[in-house]
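This briefing sets out selected features of the structure shown below.

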Amino acid sequence: MPQASPTAADKNTTRPDADLVAQLRAGDESAMAQLVEAWSPAMLRVARSFVGSVQSAEDVVQDAWLGMLSGLARFEGRSSLRTWTFSILVNRARTRGTREARTLPQPPLGPREVSAADGWGCGPGEARPATWSSIDAQSRWDTSPETVALSREALRQLDRALSALPPRQRTVVTMRDVCGMDAEEVCAALNISPANQRVLLHRARAVLREALAGYYRG
């Protein structure tokens, strides 16, 4: 059976960074637009883990894109373009989140913030991540052979539990399991060690799985 040809956005996220960076430095608006479309949903989710509202997260994402464009001339390729861009995002989001620290606690994520572009993943060797808004009866949340169908209320329960996590745990699990980033990329973007990343991720996943188990027990 013939495979579908990759879209332009797919090509922009898989071609060598040198090629893509050259296009961006040359002012290729199409390449930039496709990159923004491909990465912005994950960037919004990561930013949302630092700040108190969707509007703030959107502002952070826009600021990060501007920072990426203005810094392209200095990009040396020591990390991937995506990792470098997310590092900029994290720095902008952390700064804004610090400024907002004296405001009301971050509320649970609402339905508007959960889209088909946001993935919920599992650990190494587990089932391929499904999207938060389209989790079906094939989704597996533990080592049990049984499958669980997540209702809208269960999804809201997960969102509440995610919002209640300590900031660093929330950020790591968002990047790994919601955005689908790999461990190396998360460590580079957050400037943390692999061991620290594993501990934060393990603790966050344990809390979220317990929240989901508690919902079904209830």
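Is Glu-100 buried or exposed? Glu-100 counts as buried, at 18% relative accessibility; the term buried stands for under 20% relative accessible area, exposed for over 50%, and partly exposed for values in between, with a 1.4 Å probe and protein chains only. The model is predicted, so local features need pLDDT of at least 70 and side-chain atom pairs count only at pLDDT 80 or more, while totals for chains, interfaces and linings use all residues. Residues are numbered from 1 along each chain as its sequence is written, and side-chain values use heavy atoms, with hydrogens and water left out.

**Salt bridges**

- Six salt bridges are found in a search of the whole structure, the criterion being a side-chain nitrogen of Lys or Arg within 4 Å of a carboxyl oxygen of Asp or Glu.
- Arg-96 pairs with Glu-100 in a salt bridge whose closest N and O atoms are 3.4 Å apart.
- Arg-96 counts as partly exposed, at 22% relative accessibility.
- Between Arg-92 and Asp-63 there is a salt bridge with its closest N and O atoms 3.2 Å apart. Because Arg-92 lies in helix α5 and Asp-63 in helix α4 (residues 54–71), this pair ties together parts that are 29 residues apart in sequence. Helices are DSSP runs of H or I with at least four residues, numbered from the N terminus.
- Both partners are partly exposed: Arg-92 has a relative accessible area of 31%, and Asp-63 has one of 34%.
- Arg-82 forms a salt bridge with Glu-185, where the closest N and O atoms are 2.6 Å apart. This pair links distant parts of the chain, with Arg-82 in helix α5 and Glu-185 in helix α8, 103 residues apart.
- Arg-82 counts as partly exposed at 23% relative accessibility, whereas Glu-185 counts as buried at 9%.

- Helix α8 covers residues 183–190, and its buried residues are Glu-185, Val-186, Cys-187, Ala-189 and Leu-190.
- The cover over these buried residues includes α5 (81–99), α7 (167–178) and α9 (194–217).
- At the start of α8, the backbone nitrogen of Glu-184 has a side-chain oxygen of Asp-182 within 3.3 Å.
- Asn-191 follows α8 and has a positive phi, near 60°.
- Gln-197 is placed in helix α9 and counts as buried, with 2% relative accessibility.
- Apart from neighbours within four places in sequence, Gln-197 is in contact (heavy atoms within 4.5 Å) with Val-172, Arg-176, Ala-183, Val-186, Cys-187 and Ile-192.

**Aromatic pairs**

- Two aromatic pairs are counted. Rings of Phe, Tyr and Trp (its six-membered ring) pair if their centres lie within 6.5 Å; planes under 30 degrees apart count as stacked, over 60 as edge-to-face and the rest as tilted.
- The pair of Trp-39 and Trp-65 is stacked, because the ring centres are 6.1 Å apart and the planes are at 15°. Trp-39 belongs to helix α3 (residues 29–48) and Trp-65 to helix α4, so the pair ties together parts that are 26 residues apart in sequence.
- Trp-39 and Trp-65 are buried.
- Phe-75 and Trp-84 make a tilted aromatic pair, with 4.8 Å centre to centre and 40° between the planes. Phe-75 is buried, with a relative accessible area of 11%.

- Leu-89 is in contact with Met-43, Val-46, Ala-47, Val-60, Val-61 and Ala-64, leaving aside its neighbours within four places in sequence.
- Buried residues of α4 include Val-60, Val-61, Ala-64, Trp-65 and Met-68, and the buried residues of this helix pack against α2, α3 and α5.
- The 18 residues of α4 should span 26 Å, and the end C-alpha atoms are 25 Å apart, which agrees. The expected span is 1.5 Å times one less than the number of residues.

Note on methods:
Helix = DSSP H or I, 4+ residues; strand = E, 2+ residues; numbered from the N terminus. Polar contact = N/O pair within 3.5 Å; in protein donor to acceptor, adjacent residues only side chain to side chain.
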